[in-house]
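Hello,

Here is the structure I promised to pass on to you. Please have it open while you read my notes.

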Amino acid sequence: MRTPDVAVVDYGVGNLLSVQRAFEHCGANVAVTGDAQAILGARHVVLPGVGAFPVAIGQLRASGLDTIVRQAATAGIPVLGICLGMQMLLDESVEFTPTAGLGLIPGRVVPVPAVSASGEPQKIPHIGWSPLRPAAGVATWQNTLLAATSEGDAVYFVHSFMAPPRDAADWLAVTSYGDQPIPAVIARGNVLGCQFHPEKSGEAGLTVLRSFLAL
Amino acid sequence: MRSTRLIARLDIKGENLIKGIHLEGLRVIGSPNEHALRYYLQGADELIYMDCVASLYGRNSLGEIVRRAAQDVFVPMTVGGGIRSVDDAAYVLRHGADKVAVNTAAVARPALIAEIAQRFGSQCMVLSVEAKQIAPGRWEAYTDNGRERTGLDVVEWVRQSVGLGAGEVLLTSIDREGTRRGFDVALVAAVTAEVSVPVIASGGLGTVAHLVDVVKTGHADAVHGGRAALRPSDHRRDARGGGRRRPEREDLCARLTSPSSITASEIS
């Protein structure tokens, strides 16, 4: 069997068809798999996720794939967490009850603020298209997940929680909800996460996936 | 900054895309997948598939249509019409839908809203409401594409549904549907004032002014453009990155509302 360009980690949560199709559309050979050898043998690993944090991380642990994703990260394979998959990269989440994450990027998953900095109520979940801009201190997106992305490109978000890394250096891009920055893309070495759905963000999303394949 | 979503709606009957006027008098306008792909390429933010007769005949034919669309369409897809159970929702989600829209079955058994929200998340559970004005400032919820009265007050029904876990509301004015006379802004405003989840305004889009009105006065989070027949030449390539720029909002609105954007084959 050909070594897959992309292993999409299948731990029994959510619809993986869209992620698979989007990578295939970008020309990748994709395996949707829960097999440890297939994941560790892939050139790129994608950790998808929808639903609630405790359920998803519980399923990942139950299948033993939490260890495999960590091994892939340690081995230097580019790992991309999408939406809840990005949130699972952090140390813990407070969704429902404090629950440990994968601990690959320091930080804690917290609710999207229901009130803006200026005191206006905000709708939760945050659903819709929002533009990407560089996080504070980020001078360039060259050689990153956003290498071919332009500031202002809009992508599709749907989430109630957000994953702010503790270290400012791990923030790559933000979007604004109300008047507050929401972490949109995070990166710590070969471990990457995007809060939006690149597989549902039209051409702007496919551009991000192509950049991931080039890493 | 949060921007208003422009959503293309595909009304499906069997294998065909149809167009409704007052949710009746349906006419065939072509193959759904062809239109889905075109809407996607032309910059629609989301697609909503509605199986218009599914609840009437108690069946669901959308799974295969959605599965084919999911091959090439990379924006969110909502599927409604004939979703009667958690299993029905699981079925269309497995075929590539991102959300389900429920009306008739939720009215018959409101607990279904909670069951779908708990299983798949609130973001997945879209309450579809067909509203008909019965008095100034009062609307009644209908089901089965405007055929059946429910006796439910729209604002009260939406509030109850959001309490049960509905994460988004697709609010269609039966009075305005297909008329191009503008949204029922009072209806949209009454609902958005009551709930904190996103509200999609549907029914009556005709001009850019209608759009502005329903967003500014009605506080809609998204609008439906069923006749969003946009032209492929409208794609914009970003010269720097090579990626597609999302079309300018004003342009998109103009195309969504322009009668000339409807081709002859669509209305024949």
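Below is what I found, starting with how the model is labelled.

This is a predicted model, in which local features need pLDDT of at least 70 and side-chain atom pairs count only at pLDDT 80 or more, while totals for chains, interfaces and linings use all residues. Residues are numbered from 1 along each chain as its sequence is written, and chains are lettered from A, with ligands numbered from 1, in the order in which they are written.

Let's begin with helix α4 of chain A, residues 65-74. (Helices are DSSP runs of H or I with at least four residues, strands are runs of E with at least two, and both are numbered from the N terminus.) Its buried residues are A:L65, A:D66, A:I68, A:V69, A:A72 and A:A73; buried means that 20 or more other C-beta atoms, placed from the backbone, lie within 10 Å of a residue's own. Seen down the axis of α4(A), they fall within an arc of 165° (taken from the directions from the axis to the C-beta atoms), so they line one face of the helix. Among the elements covering them are β1 (6-9) and α3 (53-62) of chain A. After α4(A) comes A:G76, with a positive phi near 90°.

Now for helix α1 of chain A, residues 17-25: A:S18, A:V19, A:Q20, A:A22 and A:F23 are its buried residues. Just after α1(A), A:G27 has a positive phi of about 90°.

Finally, the two chains meet: 31 residues from chain B and 32 residues from chain A take part in the contact, where contact means C-beta atoms, placed from the backbone, within 7 Å.

Enjoy exploring!

Conventions: A residue is buried if 20 or more other C-beta atoms lie within 10 Å of its own, exposed if 12 or fewer, and partly exposed in between; C-beta atoms are placed from the backbone.
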